[in-house]
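Notebook open, structure loaded. I'll jot down what I look up as I go.

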Amino acid sequence: MRAIVFDRFGGPEVLTVASDAPEPEPTPEEVLVQVTHVGLNPLDHKIRDGSSRLASQLELPAGTGREMAGTVISGGADLDDSELGSRGLAPGTRVFGMRPPGDLRGTAAEVIAIAADALSPVPTEVMHEELPRWAGLALVGLTAISAVDDAARVCAGDTVLIHGGTGGVGQLLIPMALQAGASQVWATGRAANAQRIRELGATPIAYDEEDWEKVIEEATEGRGVDVVLDTHYHSTFLPSLDHIAPGGRVVPLPTLADLTPATERGITAVIPEITVTRERLDRLVIGLREGHYPLEVSHVLPLEQISRAHELLEGGHTRGKIVLDLDA
Ligand SMILES: NC(=O)c1ccc[n+]([C@@H]2O[C@H](COP(=O)([O-])OP(=O)(O)OC[C@H]3O[C@@H](n4cnc5c(N)ncnc54)[C@H](OP(=O)(O)O)[C@@H]3O)[C@@H](O)[C@H]2O)c1
């Protein structure tokens with residue numbers, strides 16, 4: 001089968017498509033899935049270039065990708081067809097999901113073995129053309145739930161500032177913060193993305209045209225916001241600390257973020273940790289189905305263009321998601 005592999009850490013060029021990769025054997029609680037689409041995330045290029053903490057646990061050659069959509073082929077020893085059926089995962093069912101954090105095997109392969117609990121069925125009415133969005137949903141969706149609910153604990157009446165409102169995670173942070181009861185949400189992004197931020201329900205601040213700190217200062221009359229959800233971090237984390245109201249929280253997304261400058265000032269700072277559960281995946285299904293989470297897919301590329309896809313990812317300005325189509 002075809003699978004993307006890399007045998008050394010490095011630039012996008014280390015990724016190659018193997019045509020003779022061995023088909024995986026599922027463990028008793030795993031499901032074999034025929035993958036149709038693979039969602040990509042910045043974590044993929046951080047693992048590939050060796051800069052992620054996870055890279056040290058990886059055995060090379062390795063696969064790439066953390067999430068996907070596809071069709072159930074069969075279950076492992078503990079998952080016969082009737083057990084799979086009772087979980088809504090009968091053979092032939094279209095599913096989406098992601099590798100749990102400790103499972104470093106890739107998803108960019110024609111067939112993968114993946115934990116049954118890390119999958120949820122795609123609603124039957126979803127058209128095949130819509131599958132890229134489902135393939136790109138799990139990782140950013142579960143991250144956004146963790147950021148809003150577990151880390152920031154956004155509650156009714158909170159004012160929220162999101163840095164990077166139209167990235168993969170940002171496009172879900174906006175509607176989820178509003179669902180949690182935020183009274184006002186501002187989101188930074190380039191001016192080119194302002195309209196999209198407005199459509200998602202937030203007030204845009206074009207960081208390439210205006211001084212976002214001044215905008216927040218004036219809009220909150222110097223009080224600052226209750227919550228900052230920072231998907232960018234590099235140039236935004238430190239200045240954000242000057243615009244957080246008493247009792248406020250800051251949630252940087254990158255796992256290597258240094259929280260010390262916040263905690264030294266008595267500001268609660270938490271990096272979200274993804275929890276992969278069927279319950280949370282099903283919440284994403286409802287959100288997407290009912291139109292609350294209109295996650296955008298900006299690029300659908302064939303497997304062979306994985307290096308190009310990583311170049312785009314590394315640019316740091318992805319709008320929504322980049323997805324691989326294995327049948328293209
Ligand atoms: N903790 C976790 O478990 C976890 C899970 C998922 C992701 N992450 C991390 O979270 C980060 C974001 O992930 P993602 O998938 O959303 O990335 P992404 O899709 O690449 O989005 C990046 C966003 O950053 C924005 N941005 C770039 N420069 C900016 C600046 N100077 N000020 C404000 N915004 C800026 C971009 O907006 P413009 O295009 O408008 O500039 C874009 O919206 C990554 O570092 C990723 O590794 C962590």
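Predicted model: local features only at pLDDT ≥ 70, side-chain atom pairs only at ≥ 80, totals over all residues.

Started with the neighbours of Arg-249. Leaving out residues up to four places away in sequence, I find Arg-249 touching Ala-152, Arg-153, Val-154, Cys-155, Asp-158, Asp-226, Val-227, Val-228, Ile-244 and Thr-268.

Checked where Arg-249 sits: it is in strand β13, residues 244–252. Buried or exposed? Arg-249 comes out at 15% relative accessibility, so I log it as buried, the cut-off being under 20%.

Next, helix packing. I took α4 (residues 137–151) against α10 (residues 278–289) and got an angle of about 100 degrees, with the axes 10 Å apart. That makes the two helices roughly perpendicular. From α4, the residues in the contact are Leu-137, Ala-138, Gly-141, Leu-142, Ile-145, Ser-146, Asp-149 and Asp-150; from α10 they are Arg-280, Leu-281, Arg-283, Leu-284 and Leu-288. I sorted the residues of this contact into seven nonpolar, four charged and two polar.

Then both ends of α7 (residues 212–219). At its start, a side-chain oxygen of Asp-211 comes to within 3.0 Å of the backbone nitrogen of Glu-213. After α7 comes Glu-221, with a positive phi near 50 degrees.

Last, the record. An unreviewed UniProt entry puts "domain: Enoyl reductase (ER)" at residues 10–324. I computed that span as 28% helix and 25% strand, and its end C-alpha atoms lie 20 Å apart.

Methods:
Residues numbered from 1 in each chain as written. Heavy atoms only, no water. Axes fitted to C-alpha atoms, helices over the stretch in contact; angles between N-to-C directions. Helix = DSSP H or I, 4+ residues; strand = E, 2+ residues; numbered from the N terminus. Parallel < 35°, antiparallel > 145°, perpendicular 65-115°, else oblique. Contact = heavy atoms within 4.5 Å. Nonpolar A, V, L, I, M, F, W, Y, C, P; charged D, E, K, R; others polar. Polar contact = N/O pair within 3.5 Å; in protein donor to acceptor, adjacent residues only side chain to side chain. UniProt positions renumbered as here; feature names shortened; annotations may be inferred. Buried < 20%, exposed > 50% of the residue type's maximum accessible area, 1.4 Å probe, protein only.
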